[in-house]
Structures are given as structure tokens and as C-alpha cells.
Amino acid sequence: MRTPAAARLADLWQRTVPWRWLTPSTLLIAAVVGFPALYMVWMSFLDISRIGLVKGMAGLDNYARLLKEDALGPVVGNTLLWLVIVVGLTMLLSLALAQFLSKPFFGRKFVRLALVVPWATSLVMTATVWRFIYEGGNGLLNRLLMDLSIISAPVDWYKDPATALYSIMAVGIVTSMPFTTYVLLSGLQTVPHDVLEAARMDGASAWATWRRVTLPILRPSLMIALVLNMLHVFNAFTVIWVIMGKTAGNHADTTVTWLYKIAFTAQLDSGEAAALGVLNVAFLLLLILAFVLVLRPHRNPAASDRTPVPDGEPPAEEQPAGERPAGPVPGRRSRPVLVRAGRGWARVRPVVLPVIGFAVALFFLAPYVAMLLGSLKTDAELFAVPADYLPKSWAWSNYADVWRRIPLADYFRVSLTVALASTALVLVVAAPAAYVLARSRFKGRSAFLSVILVTQMFPAVALLIGLYRQAVFVDGVNSYFVIIAINSAFNLAFAVWILHAHFGAIPVEIDEAAMMDGLGKFRIMLRMILPLAAPGLVTVMIFTFIQVWNEFVIALTLFNDPASGRVPLTVGVQQFVGLYETNYQYLFAAALMAIVPAVILFALIEKHLVSGLTAGSTK
């Protein structure tokens, strides 16, 4: 018979089960996200020399010095302009594209796969091909516009201060649209077809149905897309950095790229960079707070029992019994112009929608087609005047030559090692956390889910200064351990999100039956739940692998040691980009070899990503 003390210990052990399962994920988040964030705040009050030595307290001097910078005003203006234009146009265009892709038409799957390409492709590779398109003297865009007699002289798209920021904004919109479109598309899939059909039978116009039925149901997905897109755009580093390269001046800088220059290239002032980083994080916290306040009390209009009715008509239950219409409202259906327009659209729709779809697919694929054709040209053909849009000699040898010009095999090996190790660590840490969150209700569960939400919204670039100093402390610069831990921590939230949704969909009776057979929680998860959640596991594996494979800014800062052969692919291929000359044909060949596997893997999980985003947007 157990003593009272033993019983209390056993009860305490049982009550701490959820937190013991959450310990690995909690430690990873605390070490890689929490500590760098707090230390970055502390750094902003320190006097740090150019070589990184702490000389004492600086008080508010770093903030005062930052506020006196001549570039601060223009950079903040660039950031606000960048945020408003890129986010605004991305949301509008993505909403229209999501509506379009929600309609059935021939070739829709091809269009959706075309949209996957810029999402799955590393931003380094995408920005590189756009840099080639924007080249001033004989760039692809200039040659095309001149051949079409739209311009008479070349334009320095990314070098001219008057056009640089707007040129990069266009790339920011194109690269932001795929994710935003998929979030909105997943939200549209939650709109019940019977509710839409009831609105149509009541005589509601297409616009009234969209405004009064679709839009309210889509509102949570719209808010998710808006806030996540703002966070992504605000922290955009790669697109601006790769296109602008070593171009002098701050005319296209945002606060994120300017922070990097202050810390690592121009001023080497860690204290001032930390102060700017704190202000950036404060802005992100305001966005997250807005996100939580807006979405927490939301109510899904799809759950309402009231049937939508046309504008101007009271609900049927509020109409006198003798005045309720026996069928659809005739005034809405009897307009000859609308009837003829509807019949005409029905006739041309099978042709018009596929044509529009093909144009959309071509738009998103065009940069990568240019990359493919450029990889098969000689250096002379790349910038020939007049333009040679197709290779004359099809230089397939570029794909072999690139392996000799740079240590490409080493770049692939390093990226593969980091991506595989990070993916394995994410699965090992995320699976127990997601399982206990799906199966247990305990004190602190909501707090942990909130922490997961915050880490999902904070990209690593926001904490770059703190992460760098932390790596210096543990002698982890150019260390596999540090880069793997950072990549794992910042991909953990998505993994927990997706696995939690899949585990929650598995009947709890399976766990109960396994317990009766004598299995413990860990063996139940390992032997029963994980096999049933295989689609979610595959989605997490592929998504995490691609995210780590494509990562750039952390690798550029913390894992860039050519002497030791520790250079990831995204960083290594950038040595082809020079201040005065760029070997685009070799850069494109290397980029395509990195892009194709990632796009294929991403296409395999595209359907699961939509279902995962749907589950996340409705919780």
C-alpha cells in the first residue's frame, strides 16, 4: 500500500505529464527566440566597440544616436511606403486570384502549380533572376520594352534612386502573392455551398452574395493573411539585399536592411543596430496584438441558421405570413440585361477562364523560364543587342562548368546536412508537443499556444543582432549546432500547428483502446497516432526541409566560412554576383538545380498545405 507521500508524488508526476512533453519545445523556443530577444534589448543600452567588446553602459545613447542619423527619415519613409504598397496590392491581387482559383475550369491545377513555384523557390534565386531582368544597359526588361518601342533608352531600374524602391516593390508583390492567395483560397473552401445556393435561390445578386455571405465567412482568413503578410513584408530582407547588392546609398533600404548595414557592413555598431532592432520588434508586437484582438472574438457566420436574403428584403421569418414570397424574388431575376449577360457569360466561360488561367500561370512562370533560357546562353548572348531571346547554341555545358567554377558539391552537401538535421529535430520536438496539446486540457495550455503563435510571427531576421551575439557567446559562429537549432526553432511553430490539427482529427477512442491494451502515452503516439497522421508528418517534413534549404540571412551572418567548407547553397551562389560583372549563366544553372527539387517536393504537399491552412484559419 502506497504511503500518502508516495501518492502525492505520483499525483504530481501525473499532473506534470503535459509539461514534461512540452519541455523540449519550450527549451528550444526559450534558448533560440526568448534569450536573443531579451539580450537584444539589453544590448541597446550597452556601449559596444566596433570589434564587439562591451565597454560599459550607454544608457539611451544608442537610441539618441539612431534618432540623429540622416538616413533615418528616408529609411522609415521607405519602410512605410514599402509596407503599404506591397501589402495593399498583394491583398487585393491575392483576393482576386483566390476567387478565380476557387472556380472550376480546365487547367486550374496547372495554374495552382505555377503559383507554387515562386512560393517554393528560394527568394535568393527569385531575386537573382529579377536582378537580371532589371539590369540597366541590356537587361531583359529594357530590351523587351525597347523592342516594343515603349521606351527609347534603357532604364537603371534598381540603380536609379527614382525607380529602385518601386522596382523591388514589384518583386515583393509577386513573391508575397502565392502564400496570401493560398490562405484566402483555404478560407474560401470553408464557405458552405448550400448557403451560397440558398442566397442565389432567394434572388441575391452575385455582388450581394459575395458581400453578405462570402466576405463575412472569409473575414478570419483575410485577417490572418493581412497580418502574416505585413509581418513577412516588414521583415523582407533577401529580395532587397540580393537585388541591390553592393549598390551605394540607402534609397531602397528598409529598417531591416539598414539594420544589417549598421551592424555588419557599414558602421559595425552593434549597440545602435540593437536599438533599431528593438524598435522593429516593438512594431511587430503591435501587429501581433492587433492580430490577437481582432481574431479572438470572431464568430463564424457559416454557423448561423439564418438564410441570406437579397439587399433590401427583410428575413423571411420577419415578413408577415401572407406576404412571404413563394419562390425566388422575381425582381432580381427578370432584368433582361442581366439575364442576357448571364447567358452570354455561360457560353464564353469555358474558353475565357482557361485563357485567363494560362496568362496567370505564364506571368508567375516567366522569370523562371528566363532563368532556364539564360542558363543555356553564352555570356555574349546574355546581353546581345538586339536581344537574343532564345539561345543560339544552347550551351548545356554551363551545367557541367558550374561544378568546376565554384565548389557547388560542397554547397549542396552543407545545405542538405543542415536541412535534414533541422527537419529531424523539428519532428522530434514538435510531435510530442502537438500530441499533448491535442489530447490534454491543462493549465497553461493557452499560454503555450500563444507563445507558439508569437514565434510563428517573429522571423529570425527580426532577432538577428541577438542571435549573432548569442552565437558569439557559445562560440557557435559557423557551427552546425547553432544554425540547426536556429532553423529548427523558427520552423517549430508551423510544425506544431499542422500536427496539432492532424492529431486532433484522430478519434480519441484509439488512444483509449490502446491504453486498455497496456500501452503508455509515448508508445500510443509512436505506434498508433503517428502512422495515422502520416499526411501531416509528410507535410511538415517537406515544408520544413524547403524552408531551411532556402534560408539566407541567418546563413549569411552565422554560417559563412569558405575556408572550412561551411557555406550553404543560397549563400555560395551569390559569389557569381559581382559589383561590375555577374556570371548569370552559371548562377542560373546552379539556381535551377536547387529550385527544381524544392518545387517538386512542394507540389507534392500543395493539397495538404491548403487543408492545413484551412484548419488553422478556422480555429
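1. Let's start with Y260. In this predicted model, Y260 is buried, with a relative accessible area of 6%. That label follows because buried means under 20% relative accessible area. F264, by contrast, comes out at 23% and is therefore partly exposed.

2. Where do Y260 and F264 lie? Both belong to helix α12, which covers residues 255-265. They are four residues apart, about one turn of the helix. As you follow that helix in the structure, look for the other residues that are shielded: nine of the 11 residues of α12 are buried, so the helix is largely enclosed by the rest of the structure. Among the buried ones are W258, L259, K261 and I262.

3. Next, the rings. A pair of aromatic rings is described by the distance of the centres and the angle of the planes. Searching the whole structure gives 29 aromatic pairs. One of them joins Y260 and F264: the centres are 4.9 Å apart and the planes make an angle of 45°, a tilted arrangement.

4. F412 is buried at 16% relative accessibility, and W549 is buried at 10%. Their rings form a tilted pair, with 5.9 Å from centre to centre and 50° between the planes. F412 is in helix α18 (residues 408-439) and W549 is in helix α24 (residues 534-550), so this pair ties together parts that are 137 residues apart in sequence.

5. Rings can also be linked into a group. Which residues make up the cluster? Ring pairs connect W119, F179, Y182, F494, F543 and F602. Keep W119 and F602 in mind for the next point.

6. Finally, look at how two helices meet. The axes of α5 (residues 108-120) and α27 (residues 584-604) come within 9 Å and cross at roughly 125°. The two helices are therefore oblique to each other, and α5 passes α27 in a right-handed crossing. On the α5 side, the residues in contact are L113, V116, V117, W119 and A120; on the α27 side they are A598, V599, F602 and A603. What classes of residue form this contact? Nine are nonpolar, with no polar and no charged residues.

Conventions
Residues are numbered from 1 along each chain as its sequence is written. This is a predicted model: local features need pLDDT of at least 70, side-chain atom pairs count only at pLDDT 80 or more; totals for chains, interfaces and linings use all residues. Side-chain values use heavy atoms; hydrogens and water are left out. Axes are lines fitted to C-alpha atoms, for helices over the stretch in contact, and angles run from 0 to 180 degrees between N-to-C directions. Angles under 35 degrees count as roughly parallel, over 145 as roughly antiparallel, 65 to 115 as roughly perpendicular and the rest as oblique. A crossing is left-handed if the near helix is turned anticlockwise from the far one by less than a right angle, and right-handed if clockwise. Contact means heavy atoms within 4.5 Å. Ala, Val, Leu, Ile, Met, Phe, Trp, Tyr, Cys and Pro count as nonpolar, Asp, Glu, Lys and Arg as charged, and the others, Gly among them, as polar. Rings of Phe, Tyr and Trp (its six-membered ring) pair if their centres lie within 6.5 Å; planes under 30 degrees apart count as stacked, over 60 as edge-to-face and the rest as tilted. Buried means under 20% relative accessible area, exposed over 50%, partly exposed in between (1.4 Å probe, protein chains only).
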